[in-house]
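Morning, everyone. Please have a look at the model on the screen, and then I'll walk you through it.

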Amino acid sequence: MLKVGKFITKFRYVILVLAVLLLIPCGKGYIDTKINYDILSYLPGSLETVEGMDKMVEEFGMGAFSMVVVDNLEKKDAAKLETEMEGVEHVADVLWVDDFLDTSVPESMLPKKIKNTFYKNDSTLMVVLFDNTTSADETMTAIQELRKIVKKNAFIGGMSSVVTDIKDLVESEMMIYVLIAALLVLLVLEVVMDSYITPFIFLLNIGMAIVYNMGSNFFLKDVSYLTEALAAIMQLACTMDYSIFLLDSYRANKEKYKDSNIRAMSHAISNTFVSVSASSLTTVAGFAALMVMSFGLGGNIGVVMMKGVLIGVLTCITVLPAWILLLDKWIEKTTHKHLMGNMEKPSRFIVKHRWIFLVVFALLLIPAAYGSNHYKQYFNIAKSLPSTLPSSVANDKLKENFDMASMHIVMLKGEHSAKEKTELIDKMEEVDGVKYVLGLNSLIGPMIPESMIPNNLKSMLKSDNYELMFVGSDYDNATDPMNQQVKELTQLVKDVDQDSALIGEAPLMSDLADLTVVDQRNVNILSIGAIMIIILLSFKSISLPLILVAVIELAININMAVPFYMNSDVAFIASVVIGTIQLGSTVDYAILMTSHYHKARTVSGMNKKDSILKAHELSMPSILTSGMCFFAATFGVSMYSKIDIIKQICTLLSRGAVISMITVIGLLPAALWLLDPVIIRSSWDMIKAGVKNQK
């Protein structure tokens, strides 16, 4: 690797020019990458609910719908509004009372079902049907056009409206996330480092790496808005250590090779690559575990973040050395007294009082394990948005004016008699929480022939293979009552025809809840297993992987128990990704301390006490710096973001970094002290070196 280091330093200016030029295509790729604002679109295509949505597009030319609440409009004005909405591009149709009966019929003479469905509390309900899927650009553009038309007279709800609001909110906040993270990390680095200019160099280098990473997403179909929002922050938090390792190694080698900064940097690159490669493996393994999720969002986040870590390593050993050598004189000129101070006294205090830390963490074990297994999750995407957004206001209006929170669609396959369909409608309306069922036979009854049904209504609700029914529900999506309702309605539909399906937001979210349970288990098992194997190979020890992972898992359990004891719900995706990200990103703290301990025991021949003291003292500054940078990169975003999913993930990550930092600094020395005899007997290098157990 030293030859590579010499090559990099020799051609440092060429590397720097190429790195700057590479920003141009990557910057364009960053801008051109398609962003997906619909989390539900990452559900597996094999699910019946997903297949049903695709079939609706094929059969009816419709893939999404929105419920529109119109306030205080005369019938003629409402009819005019309907016509204007139907004229919007990509609006396939608008379902309203005039599709069943002429608007000249007085409201008092309307059939009860029509009246209860479309009129209530001086409001009328319209259902807008779109010719594309929920999160398609065309659908979101149509929503924006509809909002211009309806102005203050109507409120547009539904998942397409929610996705449109997410898009607007993310686009307005995205760059601010990165700015906040960068400024807070800069503040931390200015405090913990001894040069005023090096933090700026580090941020410049990582900023370039972020552009490379996000600009190389062109090979992906799209990138989730969560991935887009979090990737830059996570890359900044996870790869800052590599820059610090390189600079520390360079300074150490400058003392050794005082005659040549180039020679010192060549050795620094070689040393850093070895240490950083091993360190980054655990982080990569954590993100790789997300790729086993059947819910495609995990793979989307995992691929982008794995790539980000690897690019971070690459830029650290190629581009950063060129920047440091170029600006070395400025670094030296801006050197100041280290503000963090000497860690010897606090380190000795912690090791001396190790049993207190051991008892404290032992007492936390049971409540942490219980809390982390009993917090509540939520799956309703709309819940993650501020209540003042147009979609949230519209959904509240729907509940307030029509006592309805959501709508399903029944896709009934095949030809069935009017009697069969009427019986199905009656049974579905008896299910708890169902407000009404709207279909061809729900209004006219079994005695009226189909030939008397208006053609426009028939073409809207019936194709050659399927017939549509709309089911109004007063239950909120992704709640236990709603999931039970979906289960009962699905069974009723299947009893009529096995190839029929219940589709819509609620059935999709119900499937999402089922998938999350499996995904969370699989991700945790794979990430723990992969990281334990990496530690086993690094230390050639059977016991150390168990000890280090157990320490970080305790930190994860403490972190995830906080929402339970604070009685707050956790967004489903946060509960899946936090465990593996916190494990992969912060187990490095434990590995760093253990590597110093391992080296002191095997190479230097120190006794247990001195080995642990030295390991703790050497690693504590790096652990504090890394943990504080991770906290800074995520905490600011958690305080600023108005999107609850992003806020929660960043809150859990920032809190997790601090908890992992405290757990490693406080608990790991006690664990190493207590289990030193076991470690000696189960570690090949210690057995080979003849390390002895001291009482």
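I'll take a sheet, then a surface patch, then some salt bridges.

One caution before that: this is a predicted model.

Now look at strand 10 and strand 11. Strand 11 covers residues 466-473, runs antiparallel to strand 10, and is joined to it by 4 bridges. Within strand 11, Val 471 stands opposite Val 437.

Next, the surface. There is a nonpolar patch made of Phe 7, Phe 11, Val 14, Val 17, Leu 18, Leu 21 and Ile 24. Together these residues have about 690 Å² of accessible area. Where does the largest share come from? From helix 2, residues 12-32, with 5 residues. Val 14 is in helix 2. Val 14 counts as partly exposed because its relative accessibility is 46%.

Asp 32 pairs with Lys 28, and their closest N and O atoms are 2.6 Å apart. The two are 4 residues apart in helix 2, so about one helical turn separates them. Lys 28 is exposed, at 54% relative accessible area. Asp 32 is partly exposed, at 48%.

The count of salt bridges comes to 18. Here is another one. Lys 397 forms a salt bridge with Asp 71, with closest N and O atoms 2.9 Å apart. Lys 397 lies in helix 15, residues 390-402, and Asp 71 in strand 2, residues 64-71, so the pair ties together parts that are 326 residues apart in sequence. Are these two residues buried or exposed? Lys 397 is buried, and so is Asp 71.

One more pair: Asp 165 and Arg 147, also a salt bridge, with closest N and O atoms 2.9 Å apart. Asp 165 is in helix 7 (residues 159-192) and Arg 147 in helix 6 (residues 137-150), 18 residues apart. Asp 165 counts as buried because its relative accessibility is 3%.

Conventions
Residues numbered from 1 in each chain as written. Predicted model: local features only at pLDDT ≥ 70, side-chain atom pairs only at ≥ 80, totals over all residues. Heavy atoms only, no water. Patch = residues over 30% accessible without salt bridge, like charges linked within 9 Å, V, L, I, M, F, W, Y side chains within 5 Å. Areas by Shrake-Rupley, 256 points an atom, 1.4 Å probe, with all protein chains shown as cover. Salt bridge = Lys/Arg side-chain N within 4 Å of Asp/Glu carboxyl O. Buried < 20%, exposed > 50% of the residue type's maximum accessible area, 1.4 Å probe, protein only. Pairing = 2+ DSSP bridges.
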